[in-house]
Amino acid sequence: MEDTIAAISTSLGVGAISIIRVSGHESIDIVSKIFKGSNLKEKESHTITYGHIVDGTQIIDEVLVSIMKSPKTFTTEDIVEINCHGGIATTNKVLELLLLNGCRLAEPGEFTKRAFLNGRIDLIEAEGIMGVINAKSEKSRVLAINQLNGSTSSMIKELRQEIIELLANIEVNIDYPEYDDIEQVSIKMLKSKISTITDKIQNIIEKSESSKIIKEGINVSIIGRPNVGKSSLLNCLLEEEKAIVTDIEGTTRDTVEGKINLNGLILNIIDTAGIRDTNDVVEKIGVQKSLDLIEKSDLVLYMLNNNEELTIEDIKIIDNLKNKNYIILINKTDLASKLNRDVLKNYIEISVLDNKGIDCLKEKILELFNLEKIETKDLSYLSDARSIALLKKAYQSIKSAKEGIDNSFPVDMVEIDIKECWDLLGEIIGETYQEELINQLFSQFCLGK
């Protein structure tokens with residue numbers, strides 16, 4: 001944290017402007033060494049100065065230099081941003097001069113990491129920054145902005161405040177039972193407050209699952225026997241020839257993936273190898289991957305051929321889908337029917353060849369996930385796997401406290417579970433954290449952010 005760091009903050013390539021960002025207590029001094037123009041050390045904070053970046057007597061580029069002084073900056077440190085002409089050679093040369101004059105090349109996400117460690121943002125807001133950068137739809141952008149502006153963090157902080165007030169009351173009653181003016185923590189009151197907290201956490205979990213879908217998309221796998229039209233369906237949904245389509249069984253030996261934007265939400269679609277008994281070693285691996293994907297998918301599209309009879313294997317797989325979100329697709333309805341529909345439920349008839357039934361499939365997906373009910377104004381919830389996993393652990397802890405009260409456990413034992421819930425909520429926003437976790441999280445950021 002004592003080093004002054006520098007990195008290119010814009011995409012490296014041909015463009016009008018490139019920005020090199022510098023952060024640390026020596027930022028202004030180091031940039032001054034390679035800047036020709038007004039004295040940067042005398043400039044007011046949050047001002048822009050025109051001049052040139054020089055290497056000795058050689059002019060490297062004409063630039064605008066932004067000065068932002070501590071503590072009112074993103075990292076809370078002195079920050080200097082050099083706006084130079086876009087281009088790989090020029091931008092790299094300016095960065096090279098900064099490194100030669102005392103800067104260290106920033107690690108991926110190190111600017112945001114410093115903002116977190118210096119108390120400028122919390123972990124949810126940091127993840128919101130990455131969400132804004134990676135947003136693939138308007139709803140995921142709004143979700144990330146809500147994380148970034150602190151809406152999501154406030155929700156967790158308010159919940160922690162309720163818990164800490166309850167813990168404080170419990171502690172006072174345990175340590176100073178003789179004081180009459182202290183609110184007595186009766187079993188009835190304790191149970192009521194814990195129930196309220198439990199309900200609030202459960203509500204956040206439910207809303208966060210929807211937010212996770214918005215951010216990461218729905219993982220959809222297309223499963224079925226060879227030649228039922230899986231690859232053709234993938235190409236149809238993607239509106240491009242991504243998967244190879246032939247009449248030869250076993251053409252698809254590995255998964256083929258693609259994404260589509262469905263009403264502002266992302267579908268991560270995976271075409272899989274046709275499920276059948278085979279002696280081909282490579283195809284056998286592909287078949288096993290197809291079966292494994294059933295468990296990992298948010299939605300399974302199980303395809304059948306209208307022109308073929310149901311097999312025992314079909315019925316077995318469909319039976320295993322009962323606890324999953326799934327849709328049975330009867331394809332090739334342009335051909336004579338040999339398929340017994342009496343044993344099937346939740347199916348849609350389609351013809352990929354004639355592009356029939358595809359809109360009905362999309363509507364069914366929206367219906368299954370209730371995506372049309374998710375309003376952008378309500379996107380203030382957790383959306384990444386780390387936060388949701390911690391929230392679920394917090395829910396289990398507060399649920400254990402509630403069960404402890406029901407089973408007449410001593411209050412000081414129940415307090416342990418309540419405290420654990422408070423700590424886990426703290427991990428979500430970074431009030432408590434492990435250095436290894438922080439390093440891993442910020443290493444996923446792009447360089448210069």
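Q: In this predicted model, a residue counts as buried when its relative accessible area is under 20%; how many of the seven residues of β2 are buried?
A: With buried taken to mean under 20% relative accessible area, strand β2 can be described as mostly covered. Among its seven residues, the number that count as buried is five.

Q: What share of the residues of the chain count as buried?
A: The chain holds 14 helices and 13 strands, and its residues number 449. Of these 449 residues, the share that count as buried is 48%.

Q: Which are the edge strands of the open sheet of seven strands?
A: The strands of this open sheet follow the order β3-β4-β5-β6-β2-β1-β7, and their pairing is mixed. An edge strand here pairs on one side only, and the two that do so are β3 (35–37) and β7 (104–105).

Q: What angle does the direction of helix α3 make with that of β1?
A: Helix α3, which covers residues 110–117, packs on the sheet and touches β1, β2 and β7. Compared with the direction of β1, the direction of this helix makes an angle of about 135°.

Q: Which residue of β2 is the bridge partner of isoleucine 5?
A: Strand β1 (residues 5–8) and strand β2 (residues 17–23) run antiparallel and are joined by four bridges. Alanine 6 stands opposite valine 22 in β2, while the bridge partner of isoleucine 5 in that strand is serine 23.

Q: Which residue of β6 is the bridge partner of arginine 21?
A: Strand β2 also runs antiparallel to strand β6 (residues 79–85), and seven bridges join the two. In β6, the residue that partners arginine 21 is glutamate 81.

Q: Is lysine 230 buried or exposed?
A: Lysine 230 lies in helix α8, which covers residues 230–238. Because its relative accessible area is 6% and the cut-off for buried is under 20%, lysine 230 counts as buried.

Q: Which residue has its backbone oxygen 2.9 Å from a polar atom of the side chain of lysine 230?
A: The side chain of lysine 230 reaches the backbone oxygen of glycine 224 at 3.5 Å. A polar atom of that side chain also lies 2.9 Å from another backbone oxygen, which belongs to arginine 225.

Q: What distance separates the C-alpha atoms of serine 408 and isoleucine 187?
A: Serine 408 is found in the loop between α12 (385–406) and α13 (411–429), and it counts as exposed because its relative accessibility is 65%. Along the chain, serine 408 and isoleucine 187 are 221 residues apart, yet the distance between their C-alpha atoms is 8.8 Å.

How values were computed
Residues numbered from 1 in each chain as written. Predicted model: local features only at pLDDT ≥ 70, side-chain atom pairs only at ≥ 80, totals over all residues. Heavy atoms only, no water. Pairing = 2+ DSSP bridges. Contact = heavy atoms within 4.5 Å. Axes fitted to C-alpha atoms, helices over the stretch in contact; angles between N-to-C directions. Buried < 20%, exposed > 50% of the residue type's maximum accessible area, 1.4 Å probe, protein only. Polar contact = N/O pair within 3.5 Å; in protein donor to acceptor, adjacent residues only side chain to side chain.
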